[in-house]
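Student: Could we take a close look at one single part of this model? I would like a slow, friendly walk through it.

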Amino acid sequence: MPYLDSHEPVLSLTTGPVPAYPAVLRAMGSPISYDADPVFQHRYANVVETARVALRSRSPPVILQGEPVLALEAAAASLIAADDVVLNLVSGVYGKGFASWARRHAGEVIELEVPFNEAIPAEAVAAELRRRPDVTVVSVCHHDTPSGTLNPVASIGTVVASHGGYFLVDAVSSFGGLDVHPDACAADVFVTGGNKCLGCPPGLSLVGVSDRAWAKMERNPAAPRASALSLLDWKEAWRPGRQFPSTPLIAEINGLAAALDLYLAEGPEQVWARHALTAAACRAGITAMGLELWPARAEISAPTATVVRVPPNLDEAVLRAVARQRYGMVFSGGRGATAGLVTRIGHMGPSAQPIFATLAVTALGGALRALGHPVALGAGVEASLAVIDEASRSP
Ligand SMILES: *Cc1c(COP(=O)(O)O)cnc(C)c1O
């Protein structure tokens, strides 16, 4: 019985968008408030405050009215001025892509690049900053999702801070899935969004901005104002009694409020443990089946995505199509430089459930076997379950 492409899949384990939490979708179905109504204004202030608490930050974040891709572009346009020299750290597709926005505004953009299955060591950043003391802004993608690798943002942040630079972090597919927060990594601009680990539909972005970054944006004559790319426009939007720069996405705000409440009620540490266990169960199963992971080392593998190297001579898109049609399971393909080379299994928010890892191993193994590629399917399933069973025995 094939799961037809015209029917919804059984389970979507992609690297985003993720299936939203039901409570988020219910909240989005609430009546739409008038944005100038005091009830909504207070709710908006509360959402920003809850986001601040979730981000473990001193300053209230900005909610931007668009996907994180818009927020990253806005961050570049607002922070980076014509006299800036940007050091863009590249370990994957998103890191590489940020340079195209940085170049639009910076005097100069230089790059430090590692292979896309590697991470950027903080020592290499320190060495580059010694070589180029004129660097004023350093940008990095924390979890470069098409690679499934994590950069050590806390230690890089320390290096950037001691250099006196501004540090811009893309934490879109990591915040909410592991311990990463703007103040803890000394980020001046910290971009994340709802549709990855927080379990919202695609829509809003959250941007943490340090006091010194706000001051820099205010000094930047080219920082957007009266624009969808403006961070400054939204800086004080949370203060009740103010007029919003434009009508907030009311339903999305209600959904974000529910997502943040869920995150804090479950407990961030518990949420991260759920992501870590799901990823561990997935990796154990994938490797026990005889497949290879894309990240060069386990220590740099993100707990929010398992990126599997596709065996040679196999069409990656066909592999995913077989998993979709036989088992109703949806995975992500690679992107840019990793397209065709990897299949990605997301563990983000609602999809970070350990047993889903076992299902992913089963479906991927079954699809490979159907395509004539031998895998140790039983061993993969056993290894995946063993990780989950072991965790349920420990207190
Ligand atoms: C998903 C993602 C983004 C934003 O992509 P959208 O298409 O706006 O959701 C940015 N950076 C990273 C690392 C991501 O994973």
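Student: Into how many nonpolar, polar and charged residues does the lining of the second largest pocket divide?

Tutor: Happy to! This is a predicted model, where local features need pLDDT of at least 70 and side-chain atom pairs count only at pLDDT 80 or more, while totals for chains, interfaces and linings use all residues. Residues are numbered from 1 along each chain as its sequence is written, and side-chain values use heavy atoms, with hydrogens and water left out.

The lining divides into seven nonpolar, six polar and five charged residues (nonpolar: Ala, Val, Leu, Ile, Met, Phe, Trp, Tyr, Cys and Pro; charged: Asp, Glu, Lys and Arg; polar: the others, Gly among them). In all, 18 residues line this pocket (an open set of points on a 1 Å grid over the protein atoms alone, where a 1.4 Å probe fits, with protein on both sides within 12 Å along at least five of seven lines; lining residues have an atom within 4 Å of a point). Nearest its centre you will find Ala186, Ala187, Asp188, Ser210 and Arg212.

Now look at the elements. At least two lining residues each come from α6 (153–163), β10 (205–209) and α7 (211–219) (DSSP runs numbered from the N terminus: helices are H or I, at least four residues; strands are E, at least two). Helix α6 has the largest share, with three residues.

The volume of this pocket is about 220 Å³ (the space filled by probe spheres set on the points, which are joined across faces, edges and corners). For the largest pocket, the volume is about 300 Å³. Among its 19 lining residues, Thr15, Tyr94, Val172, Lys196 and Arg335 are closest to the centre. There, α3 gives the most to the lining, with three residues.
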